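Here is a short briefing for a first look. Have the sequence and the model open side by side.

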Amino acid sequence: MEAPGRLFLFGAAGVVLLALPVIRMVSGGPSWMAAFNTSQHVIPALDALVVIGGTTCIVCAATALRLRALDTLARAALTVGEPDRALAAASEAIEVDGLHEDAHRLAMEALVAAGRGGEPV
């Protein structure tokens, strides 16, 4: 599981990447229309790639934080003896990322705690 500081930095890097095309234009760089008119097609293409990269960073960080929260909720629910709530949180985490091993393990623990150990996850 990612450390919260690393996730914050990853998300912050995404925000910076999203801001770069705007900073380029505000600091005197050509607009997209000016770039197209002067056959500098690479400028809008690079701007688009930077925005896609920034968006990807933000989405990945947000997804990782959501998985962390769902794992914490499932563990807490198991600790206080609420296996149905734990199963709901683990199932939601599995829907977010079907390869998230902790969520599968927590779902199995919740099913066992609820006396339904033979059910599929």
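D84 and R116 join their side chains in a salt bridge, at 3.4 Å from N to O. A salt bridge here is a side-chain nitrogen of Lys or Arg within 4 Å of a carboxyl oxygen of Asp or Glu. This pair links distant parts of the chain: D84 sits in helix α4 and R116 in the segment after α5, 32 residues apart. Helices (H or I, at least four residues) are DSSP runs, numbered from the N terminus.

This is a predicted model, in which local features need pLDDT of at least 70 and side-chain atom pairs count only at pLDDT 80 or more, while totals for chains, interfaces and linings use all residues. Residues are numbered from 1 along each chain as its sequence is written, and side-chain values use heavy atoms, with hydrogens and water left out.

**Salt bridges**

- Side chains of opposite charge can pair when their charged atoms come close.
- The structure holds seven salt bridges.
- R116 counts as partly exposed because its relative accessible area is 29%. The cut-offs are under 20% for buried, over 50% for exposed, and partly exposed in between (1.4 Å probe, protein chains only).
- R85 pairs with E82, and their closest N and O atoms are 3.3 Å apart. E82 is partly exposed, with a relative accessible area of 33%.
- R105 and D102 form another salt bridge, at 3.5 Å from N to O. Both residues lie in helix α5, three residues apart, which is about one turn of the helix.
- R105 is partly exposed at 32% relative accessible area. D102 is also partly exposed, at 24%.
- Salt bridges with shared partners connect R75, D102, R105 and E109 in one network.

**The largest nonpolar core**

- This core has 15 residues, and A74, A86, L87, A93 and A107 touch the most other members.
- A nonpolar core is a set of buried Ala, Val, Leu, Ile, Met, Phe, Trp, Tyr and Cys residues joined through side-chain atoms within 4.5 Å.
- Helices α3, α4 (83–96) and α5 (101–113) each supply at least two residues of the core.
- The largest share, six residues, comes from α4.

- D47 lies in helix α3. D47 counts as buried because its relative accessibility is 6%.
- The D47 side chain makes a polar contact with the W32 side chain, at 2.8 Å. A polar contact is a pair of N or O atoms within 3.5 Å; within protein, one must be able to donate a hydrogen and the other to accept it, and residues adjacent in sequence count only if both atoms are side-chain atoms.
- Beyond its neighbours within four places in sequence, D47 is in contact (heavy atoms within 4.5 Å) with P21, R24 and W32.
- V42, L46, L49 and I52 form a nonpolar surface patch, with about 400 Å² of accessible area together. I52 is found in helix α3, which spans residues 42–79.
- Patch residues have over 30% relative accessible area and no salt bridge; nonpolar side chains (Val, Leu, Ile, Met, Phe, Trp, Tyr) are joined within 5 Å, and like charges within 9 Å.

**Two more positions**

- H100 is in the loop between α4 and α5. H100 is buried, with a relative accessible area of 14%.
- Leaving aside neighbours within four places in sequence, H100 is in contact with L67 and D71.
- A88 belongs to helix α4 and counts as partly exposed, at 46% relative accessibility.
- The C-alpha atoms of A88 and E119 are separated by 14 Å, and the two residues are 31 residues apart along the chain.

Conventions: Areas by Shrake-Rupley, 256 points an atom, 1.4 Å probe, with all protein chains shown as cover.
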